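I opened the model to go through its ligand shell, its annotated sites and its backbone. My entries follow in the order I looked things up.

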Amino acid sequence: MTQSPGQGQALDNLLTESRTFPPSDEFAAQANAQPALYEEAKADREAFWAKQAERLHWDTKWTQVLDWSDAPFAKWFVGGKLNVAYNCVDRHVESGHGDQVAIHWEGEPGDSRAITYGELQREVSKAANALTSLGIGAEDRVAIYMPMIPEAIFAMLACARVGAMHSVVFGGFSAEALRTRIEDSACRLVITTDGQYRRGTPAPLKPAVDEAVAGAPSVEKVIVVKRTDTEVAWMDKDVWWHELVDSQSDQHTPEAFDAEHPLFILYTSGTTGKPKGILHTSGGYLTQASYTQHHVFDLKPDTDVYWCTADIGWVTGHSYIVYGPLSNRVTQVVYEGTPNTPHEGRHWEIVQKYGVSIYYTAPTLIRTFMKWGAEIPAKFDLSSLRVLGSVGEPINPEAWIWYRENVGGGKAPIVDTWWQTETGAIMISPLPGVVSTKPGSAQRPLPGIGAKVVNDEGVEVPHGGGGYLVLDEPWPSMLRGIWGDEERYRETYWSRFAEQGFYFAGDGAKYDDDGDIWLLGRVDDVMNVSGHRISTTEVESALVSHPTVAEAAVVGASDATTGQGIVAFVILRGGAGSDAGGADAIKRLRDHVAKEIGPIAKPRQIMVVPELPKTRSGKIMRRLLRDVAENRAVGDVTTLADSSVMDLISAGLQSGKSED
Ligand code: WTA
């Protein structure tokens, strides 16, 4: 393991990884992506994207591929017209696949439903007619606040079909979070459920809507799906889904909308201030969602069974449960519940039941599976899995290897996909069958995408160097702005490297010696120890590479001598042994980090904790851990998935066994 000099670099490159896994000849031969794709995109980027757009059905063809004259506001496929829902549903029925299952839906309590493309077409048509009957049409905003049930997908597609914009708000958010999002984009309609299943028990959902709507005068109607049969208070604006939608005609003629017609808003929280309503439009978004789904996941519509474990409340659910998969005529699994209900093998049971062949999840879940133990997936037949994906955070090399061995049978290629709500679709990822994968690295921009690692001056760093990740070319599924706040859009993404015209993603990254890209976490999390800028990701990866550690979060806490000192919070693996949290064991962990990265990265302090504070989409909130590490009162915890976690951590610390 090497250590870089550190001076003059935006971010130090400390950890090296030498394992690589070339694709098997069999996989490479059948892969959707072939090496020539890179050359093709490089030779003529716009022609390449035009060809990808041909994957879709256009009612009117575009006249210009890209108009970037009003940068940073892009127009893709100028003059083209299409209907997004038609592309995801009807055309598959018309091509003779009406009987193919689109969605194998699995409810948390064990109920299930198989929905064919033919049925999906009828359900979406009825829902679209229902929207029209309420006067909802082009450019109206519709808030969707629902658990993972089929009606949530019907609702999104119905909006797309009539040209209304959906704003999906994750069902775990509070009434106040829902209200501010409804208000920001003045939604006229809310679609929700009576309740939702949470870890085996029905929990009410509608009371939060009632509270939010009481303070959001733009809302005219609330459509309520009956899911849990929980008793609900009935308001003037309420109408049951089964009364309104089920009585509609199942025939609906989709209208073609402009390629730049708005498709959805999705709110993402910034580090400070109110959430940003990220705006996406139709033609470019669907083109890139569809292209990436096909190539990155090697999707074969006739044989694969695909499962993305995200919630539709996040962008991953939008692009890789709804628009990417359905535009490719996938058969997919949609699961309503949590991964440990009723037991910790639930995901593997579902993989076995449906013969899932492509599985896409998040590092936080993989590390949770590690904590639960490898004997759990080992009990199930996972031999159908042939491609695995990861998204949402840097995946530590050890978690990657664990995933490959215990889920992928030691052979399924893993695609570590880097992208953001703002990018709309995958940007950086190995192409399975083409690229030899490397544990922990997202590796290279996809064909057609421009991404670089640059220093403070916007100059590309050499191989082996670290810095900031930027996107140096507009891409089809890029955000078209922040709803109602042009200035914030320019400021947040385009001001840092304004001179160069780069989009700044907010992430630290590095090149390894082969020029592959490694993501190093949000730049706000970078630590500065004795003048070395150290990424939290690398120290966390070093900790997770120790056999006793399942998960780690690292923060910089102010230190009189070194500027910042590294403080680590670790969760031990199941079976790590009762002395794994003792003073000797902690010392071994510190030494392990020193050996893996170098003495500079040795944590000043390591605390063993039962849980880590995470957002509802599974990202670690290091800000709160910094408060603990610096003995401050813990700050705002409202976006935590489980706010009691901070109490648990503090209680554990007071018992005083944490330091060495
Ligand atoms: C992080 C999720 C490392 C990154 C699609 C990014 C990743 C933020 C990866 C966006 C990855 C996402 N490796 N980091 N493969 N994928 N991230 O908007 O910090 O929820 O900027 O979109 O997640 O999160 P968002």
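I am working on a predicted model, where local features need pLDDT of at least 70, side-chain atom pairs count only at pLDDT 80 or more, and totals for chains, interfaces and linings use all residues. Residues are numbered from 1 along each chain as its sequence is written, and side-chain values use heavy atoms, with hydrogens and water left out.

**Backbone**

I looked up D229 and found it in the loop between β11 (221-225) and β12 (238-240). Its phi is near 65°, a positive value in a residue other than glycine.

I then turned to cis peptide bonds. One runs from A71 to P72, with omega near 5°. P72 sits in the loop between β1 (64-67) and β2 (75-78). Another cis bond joins T341 and P342, with omega about 0°. I place P342 in the loop between β17 (332-335) and α12 (346-354).

**Ligand shell**

Which residues are closest to the ligand? I counted a residue as near if one of its heavy atoms lies within 4 Å of the molecule. On that basis 16 residues surround the ligand, and the closest are D416, T417, T421, D507 and R522. I sorted the shell by class and got six nonpolar, five polar and five charged residues. Here Ala, Val, Leu, Ile, Met, Phe, Trp, Tyr, Cys and Pro count as nonpolar, Asp, Glu, Lys and Arg as charged, and the others, Gly among them, as polar.

R522 puts a polar side-chain atom 2.9 Å from a ligand oxygen. G392 uses a backbone N or O atom, 3.1 Å from a ligand nitrogen. For K619, a side-chain N or O atom is 3.1 Å from an oxygen of the ligand. Taken alone the ligand exposes 520 Å², and the protein buries 91% of that (Shrake-Rupley method, 1.4 Å probe). α11 (315-327) and β24 (517-522) are the elements that give two or more residues to the shell.

**Annotated sites**

I checked UniProt, where annotations may be inferred rather than shown by experiment. The unreviewed entry lists G392, E393, P394, D416, T417, W418, W419, Q420, T421, D507, R522 and R533 under "binding site". They span 142 residues in sequence, and the farthest two C-alpha atoms are 26.7 Å apart, so they do not all gather at one spot. Of these residues, P394 is included in the lining of the largest cavity. A cavity is a set of points on a 1 Å grid over the protein atoms alone where a 1.4 Å probe fits but cannot get out, and lining residues have an atom within 4 Å of a point. I found T417 in the loop between β20 (414-416) and β21 (451-454).

UniProt's unreviewed entry also lists V544, H546 and V549 as "binding site". From this set, V544 is taken in by the lining of the second largest cavity. V544 belongs to helix α17 (residues 536-544).

Methods:
A polar contact is a pair of N or O atoms within 3.5 Å; within protein, one must be able to donate a hydrogen and the other to accept it, and residues adjacent in sequence count only if both atoms are side-chain atoms. Helices (H or I, at least four residues) and strands (E, at least two) are DSSP runs, numbered from the N terminus. On a 1 Å grid over the protein atoms alone, a cavity is a set of points where a 1.4 Å probe fits but cannot get out, and a pocket is an open set with protein on both sides within 12 Å along at least five of seven lines; lining residues have an atom within 4 Å of a point.
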